[in-house]
Amino acid sequence: MSRVSRREFICLTAALSFLCRFPALAAQGIAGGKAASFPETVKILKQAYRAEMVAHNHYLGYTGRAVTEGFPNIAYLFRAFAVSEAIHANNYARLLSTMEEAVGNVPAGVEVKDTRANLKTAAKKELEKIETTYPDFLQALEAEACDEAIVNCMYSWKSHRQHERKVREIDRYAGLFFGSVASEIEGLHFDFHVCGVCGSTIDEPPAVPCEICNKSRSHFRRVPRPAASG
Ligand SMILES: [Fe+2]
Ligand SMILES: [Fe+2]
């Protein structure tokens with residue numbers, strides 16, 4: 001079994017066992033005082049929170065820049081990703097709160113360049129999360145087996161992987177062929193909907209339960225389009 005697929009198997013098993021035991025866990029919670037039992041988990045949750053908030057803040061900056069450059073669909077894509085990242089961050093903040101742990105500081109400031117560069121940077125960061133950041137987090141979480149932490153990391157990892165093929169195309173072509181990539185994206189017609197439980201981001205109204213967290217489609221919200229530049 002490959003490195004990643006082994007991790008996924010372990011984490012899916014953990015997720016399944018968590019969901020089966022959910023009523024009991026909901027009654028127990030991971031109450032304050034438990035943080036001492038999960039030192040590595042707390043560390044990972046804080047790192048994950050920071051990574052998601054940094055991404056959220058950057059996507060908001062990229063959104064504004066794309067609007068002013070006249071790329072409404074690219075701006076909308078960035079805004080949808082910003083919403084999804086905020087849901088991931090909030091999930092980690094909620095878990096840390098139940099463990100009576102603070103989320104920690106998030107670096108201030110964002111580096112916003114032109115949309116061509118922002119698109120390329122976004123694709124690289126997304127691939128980093130898919131290939132390295134989340135597999136490493138999930139592996140580090142295995143030892144303490146804190147179910148809630150593993151499930152939420154799986155939610156984040158899977159929602160980042162939803163658009164892996166498109167992200168790889170953008171990473172490959174957004175530099176030299178930005179004009180073609182931009183006009184392809186700007187020629188599309190879509191509305192983004194994001195699941196409030198796991199951050200799953202889809203480009204049409206949900207017809208079935210969430211493919212990632214399996215919760216009802218009622219958890220999805222349509223992401224409003226950014227206002228056009230005046
Ligand atoms: Fe995320
Ligand atoms: Fe979901």
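Modeller: First, a definition: axes are lines fitted to C-alpha atoms, for helices over the stretch in contact, and angles run from 0 to 180 degrees between N-to-C directions. Helices (H or I, at least four residues) and strands (E, at least two) are DSSP runs, numbered from the N terminus. This is a predicted model: local features need pLDDT of at least 70, side-chain atom pairs count only at pLDDT 80 or more, and totals for chains, interfaces and linings use all residues. Residues are numbered from 1 along each chain as its sequence is written, while chains are lettered from A and ligands numbered from 1 in the order in which they are written.

Colleague: At what angle do α3 and α5 pack?

Modeller: The axes of α3 and α5 lie 11 Å apart. Two residues are in contact if their C-beta atoms, placed from the backbone, lie within 7 Å. Residues of α3 that meet α5 include I44, A48 and Y62, and those on the α5 side include A122 and F137. The packing angle of α3 and α5 is about 165°.

Colleague: Is α3 roughly parallel or roughly antiparallel to α5?

Modeller: Angles under 35 degrees count as roughly parallel, over 145 as roughly antiparallel, 65 to 115 as roughly perpendicular and the rest as oblique. The angle between α3 and α5 is about 165°. Therefore α3 and α5 are roughly antiparallel.

Colleague: Which pattern does the protein chain follow along the sequence?

Modeller: The protein chain has eight helices and three strands. Read along the sequence, the pattern is α-α-α-α-α-α-α-α-β-β-β.

Colleague: What is the order of the strands in the open sheet?

Modeller: Strands pair if DSSP finds at least two bridges between them. β1 (residues 193-195) and β2 pair in the antiparallel sense over two bridges. The edge strands, each pairing on one side only, are β2 (201-202) and β3 (220-222). The order is β2-β1-β3.

Colleague: Which helix packs on the sheet, touching β1 and β2?

Modeller: The direction of this helix makes about 10° with that of β1. The helix spans residues 72-98. The name is α4.

Colleague: Is I150 buried or exposed?

Modeller: A residue is buried if 20 or more other C-beta atoms lie within 10 Å of its own, exposed if 12 or fewer, and partly exposed in between; C-beta atoms are placed from the backbone. I150 sits in helix α6. I150 has 25 other C-beta atoms within 10 Å, so I150 is buried.

Colleague: How does N214 count, buried or exposed?

Modeller: N214 lies in the loop between β2 and β3. Phi of N214 is near 70°, a positive value in a residue other than glycine. N214 has 12 C-beta neighbours inside 10 Å, so N214 counts as exposed.

Colleague: Where is A145?

Modeller: Phi of A145 is near 50°, a positive value in a residue other than glycine. With 14 C-beta neighbours inside 10 Å, A145 counts as partly exposed. The place of A145 is the loop between α5 and α6.
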